[in-house]
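Hi,

Here is the structure I promised to hand over.

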Amino acid sequence: MTNATKLSLHVPAPKARPGDPVDFSPLTPPPAGALGRPDIAVHAEDTRDHARGLIRVLNDEGEAVGAWNPRLNAEVLREGLRAMMLTRAFDDRMFRMQRQGKTSFYMKCTGEEAVACAAALALPRDDMCFPTYRQQGMLIARAYPLVRMMNHIYSNAADPNRGRQMPVHYTAKAYGFFSISGNLATQFPQAVGWAMASAYKGDTRIATAYIGDGSTSEGDFHQALTFASVYRAPVILNIVNNQWAISSFQGFAGAGESTFAARGLGYGLPSLRVDGNDFLAVFAATQWAAERARANLGATVIEHYTYRAAPHSTSDDPTRYRPAEEAEKWPLGDPIERLKKHLIARGEWSEAKHKALDKQVVEEVRAAGKESEAIGTLGQSRPSVKEMFEDVYKDQPWHLRRQRQELGV
Amino acid sequence: MVQALNSALDVMLARDPDVLIFGEDVGYFGGVFRVTDGLQKKHGLTRCFDAPIAEGGIVAAAIGMGAYGLRPVVEIQFADYIYPAYDQLVSEAARLRYRSAGDFFAPLTVRTPYGGGIFGGQTHSQSPEALFTHVAGLKTVVPSNPHDAKGLLIAAIEDDDPVMFFEPKRLYNGPFDGWHDKPVEPWSKHPASDVPEGHYVVPLGKAAIARAGADVTILAYGTMVHVALAAAAHAEVDAEVIDLRTLVPLDLESIVASVEKTGRCVIVHEATRTSGFGAELAALVQEHCFYALEAPIARVAGWDTPYPHAFEWEYFPGPKRVADALRAVMAA
Ligand SMILES: Cc1ncc(C[n+]2csc(CCOP(=O)(O)OP(=O)(O)O)c2C)c(N)n1
Ligand SMILES: [Mg+2]
């Protein structure tokens with residue numbers, strides 16, 4: 001033992017911190033259309049390349065190429081484009097409203113809109129989605145009323161959550177959207193359970209779940225993959241790798257050594273890694289995984305490779321921990337710009353139409369904002385205080401009744 | 001209080017090479033509440049670093065390090081997110097010494113911001129201390145001001161048992177007495193903001209008298225110490241406010257001495273009422289001071305609901321509710 005190596009503790013660090021130059025050249029994306037689209041009955045091991053590579057459909061010229069091209073008609077694509085633009089406009093307004101003191105908190109999904117919007121349009125709404133706080137695009141793509149989202153964000157008298165939850169913790173069963181939890185990763189194994197129930201009942205519906213890159217470190221993530229594998233649950237397990245978890249780069253979730261999608265292989269689950277800023281690639285991967293699940297072939301893991309262009313939340317200042325120009329230099333571009341380019345390349349869209357649509361979505365958000373703010377912003381209007389004591393249990397036990405009376409409501 | 005806690009960590013990192021800090025966002029960034037600001041830069045990457053988002057993993061790793069002989073100080077970003085670590089704390093950290101008959105022990109400190117008053121809703125406002133005071137083998141500490149925060153944190157780190165260190169997040173940047181419409185005050189105007197430089201200890205298991213009084217004893221900790229003081233002023237009652245500082249092991253002697261003097265007792269905490277730490281306090285006061293009591297013991301606590309976003313100040317047991325309890329106890 002005299003010649004034994006002296007051990008040293010490894011602590012990972014990102015390539016660039018504020019003030020450092022941004023160099024994404026090691027991340028140069030592989031060409032679009034390079035990876036094949038396997039049969040849905042594929043064995044997990046045969047998705048090795050898909051779990052480590054990157055499924056891309058849109059090339060730099062804005063053309064849709066390769067086996068993963070979902071060959072969507074222009075109408076669906078315009079719907080997707082509109083959903084992403086509306087989501088971005090919604091985020092911009094609500095972030096601003098928080099800054100004006102009209103609510104306590106907000107979270108944007110800027111740069112990640114394709115992940116939620118494409119899936120929302122690829123799946124029917126009677127499937128159940130178990131989202132995180134960054135899939136608001138799913139509700140918006142499914143035409144959930146913006147004013148209701150705002151009523152929740154303002155905790156006003158018309159808040160569907162009855163003033164009980166922090167902003168952005170939506171719930172919308174009728175839209176296939178499970179109640180968002182603030183406790184990271186908890187939804188992932190729950191989605192597997194929902195899918196197991198669907199299988200148990202001989203149903204045809206499937207579940208889909210989302211988790212952030214950072215949150216894959218939680219035990220719940222690994223339990224979800226184990227259960228999904230053991231029971232061959234009809235569920236799509238989406239990891240949204242937006243590179244950051246507040247101030248922690250993806251290396252703190254173990255991404256330095258492998259990809260997130262590759263985790264699925266270890267559990268025997270077919271796994272895909274997808275260009276998350278490519279609306280068509282996200283749509284196609286979701287469709288493929290949904291087909292597998294509906295054919296009773298079990299779960300799929302999908303890593304959506306994207307970038308969190310916005311601060312983590314209104315409480316965050318990313319210039320403290322990452323170079324400000326990272327978002328701009330992100331090699332996979334912006335999902336809205338890329339889909340726009342594709343539609344224009346297909347002759348189905350124009351700069352003028354895009355500008356007009358941009359104005360229209362901003363106006364739509366503004367109008368919803370006025371309507372919601374007329375009901376009231378945080379503190380101006382709220383549900384009845386006695387609702388604080390309701391829904392703790394189905395029926396109110398004596399001690400809560402007594403406490404409500406003590407408060408005089 | 002943020003600077004006082006930061007100073008405690010700084011002092012301990014400098015004094016003891018076996019002390020190290022990790023948790024979500026505590027390294028380069030310095031923590032979402034800035035408590036570890038600058039420590040990585042000053043003491044090095046392996047002394048204060050980020051952790052995966054895995055509270056169970058954070059505590060488990062700290063237990064392993066503790067068993068090796070280190071003194072890890074870990075941060076759980078919000079007490080509301082501590083539950084994935086519950087098994088490691090309850091079944092492992094708390095019992096390691098007992099089950100191995102002293103062969104192994106894990107002297108870890110778990111720092112975590114807790115409590116309401118910041119419109120954080122149900123996942124940034126909880127007060128789960130009773131879930132830990134109920135566990136044999138864990139110590140539980142709650143400071144109420146910068147001076148104590150630093151001295152108690154140093155004592156916790158130097159303690160050979162696992163210590164749960166709950167930081168009242170509403171007190172991070174100033175004393176808060178529950179009158180939420182009043183302008184926010186900085187700590188600098190408060191006498192307890194006088195924090196000595198360097199190493200000092202506020203011993204675990206010792207309460208402080210935050211206000212001496214003759215008529216009624218208020219038992220409080222954390223933010224509620226300030227609320228209790230405001231309530232006593234509001235109700236114009238000569239209350240003795242005891243700042244428990246450590247819940248386990250509890251300074252029963254100070255409590256008994258005070259209640260025997262005043263003959264009345266009001267217990268306040270932010271946590272939900274049912275099975276809250278107030279129940280334990282009420283039982284102890286009843287057991288030890290029964291013949292001195294001139295009125296039933298009163299408890300003022302959070303309602304037995306999750307912490308609601310829009311009803312922050314109806315939920316938070318503020319000075320008005322505490323004052324009502326004081327008047328009722330005085331009238332009894
Ligand atoms: C169990 C738990 N631990 C910690 C937190 C605090 N927290 C909220 S969001 C977040 C970062 C999550 O990052 P990631 O999973 O990558 O998702 P993203 O925010 O990037 O979408 C943290 C640590 C939490 N909400 N729940
Ligand atoms: Mg992330």
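**Where the chains meet**

In this predicted model, 40 residues of chain A are in contact with 37 residues of chain B, contact being heavy atoms within 4.5 Å. Together the two chains bury about 3,400 Å², 63% of it on carbon and sulfur atoms; buried area is the accessible area (1.4 Å probe) that two parts lose on being put together, summed over both. Ile53(B), Trp303(B) and Phe311(B) supply 21% of the area that chain B buries against chain A, more than any other three residues.

There is one salt bridge between the chains, a side-chain nitrogen of Lys or Arg within 4 Å of a carboxyl oxygen of Asp or Glu. It joins the side chains of Glu314(B) and Arg382(A), at 2.5 Å from N to O.

**The ligand**

Ligand 1 lies between chains A and B. Of the 20 residues around ligand 1 (a heavy atom within 4 Å), those that come nearest are Tyr133(A), Arg134(A), Gly182(A), Ser215(A) and Glu55(B). An oxygen atom of ligand 1 is 2.9 Å from an N or O atom in the side chain of Asp213(A), and the distance is also 2.9 Å for an oxygen atom of ligand 1 and the side chain of Asn242(A).

**How to read this**

Residues are numbered from 1 along each chain as its sequence is written, with chains lettered from A and ligands numbered from 1 in the order in which they are written. Local features need pLDDT of at least 70, side-chain atom pairs count only at pLDDT 80 or more, and totals for chains, interfaces and linings use all residues, while side-chain values use heavy atoms, leaving out hydrogens and water.

Best wishes

How values were computed. A polar contact is a pair of N or O atoms within 3.5 Å; within protein, one must be able to donate a hydrogen and the other to accept it, and residues adjacent in sequence count only if both atoms are side-chain atoms.
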